[in-house]
Amino acid sequence: MRNFLKKYALVLLIGGVFEAVAISLWLTKHNLFYLFNFSYIGISLSLGIFLLGRKYPYARRVVQLLVGLYMLVYLGLINRENMQIEGFWYYLLTGVFEAATIHYAVAKIFGPLIFGRGFCGYACWTAMVLDFLPYKTRELPRKNIGWIRYLTFALSFLFVSALFLMKVGNLERIMFWAFLLGNLAYYLVGIALAFLFKDNRAFCKYICPVTVFLKPMSYFSLVRIRCDETKCISCGKCKKVCPMDVEMTDNSRKRKNGTDCILCMECVKVCPKGALLG
């Protein structure tokens, strides 16, 4: 029993956290949707982590499709919920704690204290598409243009604030169209940058406004990749396969690009000595 708990500790932790959130929101909001929503996401993530442990090669892609398509198609297109950052600002300014505000609180603001930027690696519907492009790892030097994320972050807030200040009507419809056009823009820009910089994750590194929330919270993440320095032979394989350019052999929280880690486990897979542990 002890070996089982140790082996599947992360599976149980992630599943337990999401199930706790699901039950809590169901009971407090009196809405069965939250029980289904967060239970589904928790089960999907736990399945992916379990498959990773079983060394299934497409484990992360399975979760990306299960969660990403659910959020994009079911929540976004069918239920007409704006799950982009504009939707977060909209619900926040209306004083409603549901939909995008709950999503952001769990996945992008407080959740990263536990699982870091796991959302980026397993649930983001933008990265879900970008990760299928040919540049799995950066082929050109990393650019010093991360400041753009703060610009897109500010513009998203100003856009929604302006709608309220001008007292524009039919905001729900506008938010839905903002979701459609915003996603289209993200995909077009993300794909263009991937080919321009030869890096699938260029959008995540330089443009994505959500990283303004994710990066500082991920600094304190409970779930991290750690290096057993007694086993490490400094072969550099982990650096070559990391899509986010993280210095995985450094256990310090100040390691290079440490808050960019998406827990993809590519470094763990290629380590010849098993020195990296999730």
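Biologist: Which residues is phenylalanine 197 in contact with, leaving aside its neighbours within four places in sequence?

Modeller: This is a predicted model, and here phenylalanine 197 is in contact with Leu140, Lys143, Ile145, Ala202 and Tyr206, once neighbours within four places are set aside. Phenylalanine 197 belongs to helix H11, which covers residues 171–197.

Biologist: Is phenylalanine 197 buried or exposed?

Modeller: Buried means under 20% relative accessible area. Phenylalanine 197 has 14%, so it counts as buried. For a view across the chain, take valine 63, which is 134 residues away from phenylalanine 197 in sequence; their C-alpha atoms are separated by 26 Å.

Biologist: Let me step back to the whole chain. How many helices and strands does it have?

Modeller: The chain has 15 helices and 2 strands. Its C-alpha trace spans about 60 × 45 × 30 Å along the principal axes.

Biologist: What radius of gyration would a compact globule with 278 residues have, and what does the chain have?

Modeller: A compact globule with 278 residues would have a radius of gyration near 19 Å, and the chain agrees with this because its own value is 19 Å. Of the 278 residues, 50% count as buried. Among contacts between residues at least 6 apart in sequence, 73% join residues at least 24 apart.

Biologist: How should I read the empty space inside?

Modeller: Rolling a probe the size of a water molecule over the atoms shows where empty space is left. In this model there are 5 cavities of 30 Å³ or more. The largest cavity holds about 170 Å³ of space.

Biologist: Which residues lie nearest the centre of the largest cavity, and which elements give two or more residues to its lining?

Modeller: Of the 18 residues in the lining, Phe119, Cys124, Thr126, Cys208 and Val210 lie nearest the centre of the largest cavity. The elements giving two or more residues to this lining are helix H6 (100–109), helix H8 (118–122), helix H9 (125–130) and helix H12 (202–206). H9 gives the most, with 3 residues. By class, the lining of the largest cavity has 13 nonpolar, 2 polar and 3 charged residues.

Biologist: And what lines the second largest cavity?

Modeller: The second largest cavity has about 130 Å³ of space. It is lined by 14 residues, and Ser218, Ser221, Arg224, Gly258 and Cys261 lie nearest its centre. By class, this lining comprises 5 nonpolar, 5 polar and 4 charged residues.

Biologist: Let's turn to cysteines. How many disulfides are counted here?

Modeller: A disulfide is a covalent bond between the sulfur atoms of two cysteines. The cut-off for counting one is a pair of sulfur atoms within 2.5 Å, and by this rule the count is 0 disulfides. Cysteine 242 is in no disulfide: the nearest cysteine sulfur, in cysteine 264, is 5.9 Å away.

Biologist: Last topic, backbone angles. What phi does serine 234 have, and where does serine 234 lie?

Modeller: Serine 234 has a positive phi of about 55°, although it is not a glycine. It lies in the loop between strand S1 (226–227) and helix H14 (237–241). With a relative accessible area of 66%, serine 234 is exposed.

Biologist: What about aspartate 245: buried or exposed?

Modeller: Aspartate 245 is buried, with a relative accessible area of 13%. It has a positive phi of about 60° and is not a glycine. Look for aspartate 245 in the loop between H14 and helix H15 (266–270).

Methods:
Residues numbered from 1 in each chain as written. Predicted model: local features only at pLDDT ≥ 70, side-chain atom pairs only at ≥ 80, totals over all residues. Heavy atoms only, no water. 1 Å grid on protein atoms, 1.4 Å probe; cavity = no way out; pocket = protein on both sides within 12 Å on 5 of 7 lines; lining within 4 Å. Points joined across faces, edges and corners; volume = space filled by probe spheres on them. Helix = DSSP H or I, 4+ residues; strand = E, 2+ residues; numbered from the N terminus. Nonpolar A, V, L, I, M, F, W, Y, C, P; charged D, E, K, R; others polar. Rg over C-alpha atoms; globule rule 2.2 N^0.38 Å. Buried < 20%, exposed > 50% of the residue type's maximum accessible area, 1.4 Å probe, protein only. Contact = heavy atoms within 4.5 Å.
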